[in-house]
Amino acid sequence: MLRILGLLHLLSCISSPVLSELIAPNALNLRITKNITHEIPSTIFGYMWEDINHSGDGGLYGELLQNRAFQGVIPGTQNALNAWQSYNGARLSVTSKTQGVSKALPNSLEVKIPKVATSLIGFENTGYWGIKVQEGWTYKGSLYAKSDSYNGPITVSLKSNRGTTFASQKLEGISSSWKKFEFQFKPTASAADENNVFNVVVDGSTAAGKTLHFGMFSLFPPTFKGRENGMRMDLAQLFADTSPGVWRFPGGNNLEGNSWDSRWKWNETIGPLEDRPGRVADWGYPNTDGLGLLEYLNWAEDLEAEPILGVWSGISTQNYSEFSTWPIVPEADLQPYIDDVLNEIEFIVGDANTTWGSVRASLGRTEPYALRFIEIGNEDQFQQDSYAAYRWRDFVDAIGAKFPQMEFLATSLPSLALDPPYQRIDFHQYNSPNWFIDNALFFDSYPRNNTKWFVGEYAVTSTNETNALDTLTNGRLAYPTLQGAVAEAAFMTGMERNSDVVFAASYAPSFQHIRSYQWTPDLVTYDAQRFVRSTSYYVQQMFSVNKGTHVLATEPTPSNDTAPLFWSASFNNETDVVYLKVSNTGETDLVANIFLDFASTGTVSAVSLGTPPLSPITGHFNISNTLEEPELITPTIFNMAIPFLDRFNYTFPATSVTILGIQSPPLN
Ligand code: AHR
């Protein structure tokens, strides 16, 4: 049985007739043998994660209020009021002149009520370009407030832009020192759209002429698995539906910072939210760091994905397009940063009686986390000299001495000259469909020299053959296309077939908020209440859910002669299903006669992603799922009875990805 976890509701199930002809003429003859070439690592398909495109804040992270604690803004500027607006004429500014709610959060919202005010007056937060209001949900909120001059009630509400109130609460007890107020909303109706606000008001007749201060707001809907400070349910479920094998975090560029000081500092992402200063990170917007180290580790556990921890390697990406400006820590000054990484790893894997393990325990997690993979930096091929001279070595030697169980990933491909020699390497590729098709066989001839690859970032980003990261007007894709996803699938068959070399792979980037982003295309696009699974998402899901435990040899193996068909065969020794994953990267349907070296049970299931049936755009493959048309291209499931247990033929549609699941006897 083909496993399509969590997706069945979206897929159309069709029982197709028994295949009419046994041997099709002019077809590829493809034999699936019982010969196991190697085991497939559990890590093979997963995710690379960083906060880009509001993937974390405003995306996966459940927090609904944007700029909730005025982190990373300059007090007194209009920009500091991002996502906040006055309601009925209150004067708003962000200030650090009064003490903030904590040392880490020095900024607060100053609200001046004009001397002439009679009606309800205050301010609103517009969320991450809207707030989803859902009847039946319980929203948990909090805010800090103080005032030297006002001690009356404060009313907080969830409202539509047009003035409909969905839920409201009165908060009493404001005084001259900071006090945390907690509240809940249970909307009595769902909002028609995302154009809703979090509204905070006082009665103008009693508050006229007075000043109030507010800080560290928060508002959460129900979260994935009900976790405090957790994830947006629908988006988290999308990840869970793909059963990822690895979770690399926290970047990507976002690990590195534009300066050493603005790098991702693990110790500033743990503990109470009030103790997390946040930072303006590499993608230009403030990160709350509400999704911090522990949240990521718990999340990886929730997904049953193995973490790959990226650690800062002594470099920042100031002026990204001019590599010579990137500040590099000289070797003589590197030790404090190495120590910081040692502390970070101890925090993750140390017993509760170690210095940093005890900090973790004090935050509620006594058991160490499982961690095996440490990635030194990100894309250090751009700064190979210092990486090869000392950065790689100094981090690896120090971490290896204290944590000998760790395995290290280098990031400097194509440089091979590292000491100590690397055994795992992270390789990134953003390119055209043709690049992925042309390289689908790359790993077949890669020397078996014990080097393991993590294809840690890859995507078809453009149809532009010379600059795949150019603008939308020059071929860059807004959304993944069918053509691109099929090309990625061709490459993925190569990675799976060679998973003795490629131990992990992850499409990147994963997430995009349609109202504010830095990178296209992305696996999933969303706004405050909708989302769309892209064609590439479906391919990821098809590959990672329908996973074998062992690769099976086929005759022939894919080659330039069998292009545009690319495939990999595998066997799952828990379910006794043989999988044949096939990408047809051509523009015509292609038939294969499939011969089995074993007798199947006569049942073959297929999941296939291709041109929408009966589509007026048949023959045109540069098509995408979009927020406006989210289900244009969705996988279809077929169940087939085959008259002969050891052979059948199958037509692989033009520009499609198909996974056949052949129920078999135990093969090993
Ligand atoms: O995935 C987007 C960016 O591409 C990553 O942050 C970086 O590693 C790569 O250059």
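**Figure 1. Crossing of helices α5 and α6 in the predicted model.** The crossing of α5 and α6 is right-handed, where right-handed means that the near helix is turned clockwise from the far one by less than a right angle, and left-handed anticlockwise. Helix α5 spans residues 293–303 and helix α6 residues 335–349; their axes come within 12 Å and cross at roughly 45 degrees. That angle makes α5 oblique to α6; angles under 35 degrees count as roughly parallel, over 145 as roughly antiparallel, 65 to 115 as roughly perpendicular and the rest as oblique. Axes are lines fitted to C-alpha atoms, for helices over the stretch in contact, with angles from 0 to 180 degrees between N-to-C directions. Helices (H or I, at least four residues) and strands (E, at least two) are DSSP runs numbered from the N terminus. The model is predicted, and local features need pLDDT of at least 70, side-chain atom pairs pLDDT 80 or more, while totals for chains, interfaces and linings use all residues. Residues are numbered from 1 along each chain as its sequence is written, and side-chain values use heavy atoms, without hydrogens and water.

**Figure 2. Packing of helices α10 and α11.** Helix α10 (residues 482–497) packs against helix α11 (residues 535–545) at an angle of about 30 degrees, and the axes are 8 Å apart. The two helices are therefore roughly parallel to each other. Their crossing is right-handed.

Figure 3. The residues around the ligand (a heavy atom within 4 Å) are E50, G252, N253, W283, Y320, N378, E379, Y430, E457, P509 and W519. By class, this shell holds five nonpolar, three polar and three charged residues. Oxygen atoms of the ligand lie 2.5 Å from a side-chain N or O atom of E50, 2.7 Å from a polar side-chain atom of E457 and 2.9 Å from a backbone N or O atom of N253. Taken alone, the ligand exposes 290 Å², of which the protein buries 96% (Shrake-Rupley method, 1.4 Å probe).

**Figure 4. Cis peptide bonds.** G251 and G252 are joined by a cis peptide bond with omega of about 20 degrees. G252 sits in the loop between β14 (246–249) and α4 (253–256), and is also one of the residues around the ligand. P564 belongs to the loop between β26 (550–555) and β27 (565–572).

**Figure 5. Backbone of N67.** N67, a residue other than glycine, has a positive phi near 55 degrees. The loop that holds N67 runs between α1 (56–60) and β4 (84–87).

Technical notes. Polar contact = N/O pair within 3.5 Å; in protein donor to acceptor, adjacent residues only side chain to side chain. Nonpolar A, V, L, I, M, F, W, Y, C, P; charged D, E, K, R; others polar.
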